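I opened a notebook page for this protein and wrote down what I looked up, entry by entry.

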Amino acid sequence: MSSQIESIVLGGLFWRDEFENPGVNAHISESLEGRKIIWEGEKEGKPITLVGTANSGWLQRSVLLALQALSQVPNATYLLVHDGNNYNVRFRHEDPPVISASPIVPSPEQGSSDYYNNIVIKLMEV
């Protein structure tokens, strides 16, 4: 059962694979006479991998912890707001880790307002 819980608003992160998925599945087989048979259909879902670099797309630990909490809800879908567009998404658990980040200033006691960079958030449009 899928549930719409809340919106995820992420600015400053780049959609790495925005143009990599054509949205079409294709399968080619051969007939008994050796002719090619091409089957095409609309692909379900589109990967949305949001990334930040060492110099851009930083997020605070509190935001990452909130995203992590959302990612731990099985079968949940969310409304992603990115660059003024809305997408219904789920976390891409089949491609772990769904969230990764590095603290800008590593410390044994990271605070909720500390910033992280090299962000990767893996979602799938549903």
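The entries below cover strands, aromatic pairs, a surface patch and salt bridges.

**Entry 1: the model.** I noted before anything else that this is a predicted model.

**Entry 2: the hairpin of β3 and β4.** I looked up strand β3 (residues 24-30) and strand β4 (residues 36-42), and found that they run antiparallel and are joined by seven bridges. Within this pairing, S29 stands opposite I37 in β4. The two strands form a hairpin with five residues between them. In the turn I found G34, which has a positive phi of about 90°.

**Entry 3: V24.** I placed V24 in strand β3. Its relative accessibility is 41%, so V24 counts as partly exposed. I then listed what V24 touches, leaving out residues up to four places away in sequence: E40, G41 and K43. I also checked V24 against V126: they are 102 residues apart in sequence, and their C-alpha atoms are 15 Å apart in space.

Entry 4: I found strand β7 (residues 76-82) antiparallel to β8, with five bridges joining them. V81 has N86 in β8 standing opposite. β7 and β8 form a hairpin with two residues between them. D83 sits in that turn with a positive phi of about 50°. I went on to β8 and β10, which pair in the antiparallel sense over three bridges. Here R90 has M124 in β10 as its bridge partner.

**Entry 5: aromatic pairs.** How many aromatic pairs does the structure hold? I counted three. For W15 and Y87 I wrote down ring centres 5.2 Å apart and planes at 80°; this angle is over 60 degrees, so the pair is edge-to-face. The pair links distant parts of the chain, with W15 in strand β2 (residues 14-15) and Y87 in strand β8 (residues 85-91), 72 residues apart. Both W15 and Y87 are buried.

Next I took W58 and Y115, an aromatic pair that is tilted, with 6.3 Å centre to centre and 50° between the planes. W58 lies in the loop between β5 (47-51) and β6 (59-60), and Y115 lies in strand β10 (residues 115-125), so the pair ties together parts that are 57 residues apart in sequence.

**Entry 6: a nonpolar patch.** I met W58 and Y115 again in a nonpolar patch on the surface, together with I104 and V105. The four have about 390 Å² of accessible area together. I located V105 in the loop between β9 (99-103) and β10. V105 counts as exposed, at 61% relative accessibility.

**Entry 7: salt bridges.** I noted that side chains of opposite charge can pair when their charged atoms come close. The structure holds four salt bridges. One of them joins the side chains of R90 and E94 (3.0 Å, N to O). R90 is partly exposed, with a relative accessible area of 25%.

Which residues are linked in a network of salt bridges? I wrote down R92, D95 and K122. R92 and D95 meet at 3.1 Å, N to O. R92 is buried at 7% relative accessible area, while D95 is partly exposed at 30%. D95 also forms a salt bridge with K122, the closest N and O atoms being 3.5 Å apart. D95 lies in the loop between β8 and β9 and K122 in strand β10, so this pair ties together parts 27 residues apart in sequence. K122 is buried, with a relative accessible area of 11%.

Key. Residues are numbered from 1 along each chain as its sequence is written. This is a predicted model: local features need pLDDT of at least 70, side-chain atom pairs count only at pLDDT 80 or more; totals for chains, interfaces and linings use all residues. Side-chain values use heavy atoms; hydrogens and water are left out. Rings of Phe, Tyr and Trp (its six-membered ring) pair if their centres lie within 6.5 Å; planes under 30 degrees apart count as stacked, over 60 as edge-to-face and the rest as tilted. Helices (H or I, at least four residues) and strands (E, at least two) are DSSP runs, numbered from the N terminus. Buried means under 20% relative accessible area, exposed over 50%, partly exposed in between (1.4 Å probe, protein chains only). Two strands pair if DSSP finds at least two bridges between them. Patches are made of residues with over 30% relative accessible area and no salt bridge: like charges are joined within 9 Å, nonpolar side chains (Val, Leu, Ile, Met, Phe, Trp, Tyr) within 5 Å. Accessible areas come from the Shrake-Rupley method with a 1.4 Å probe; for residues, only the protein chains shown count as cover. Contact means heavy atoms within 4.5 Å.
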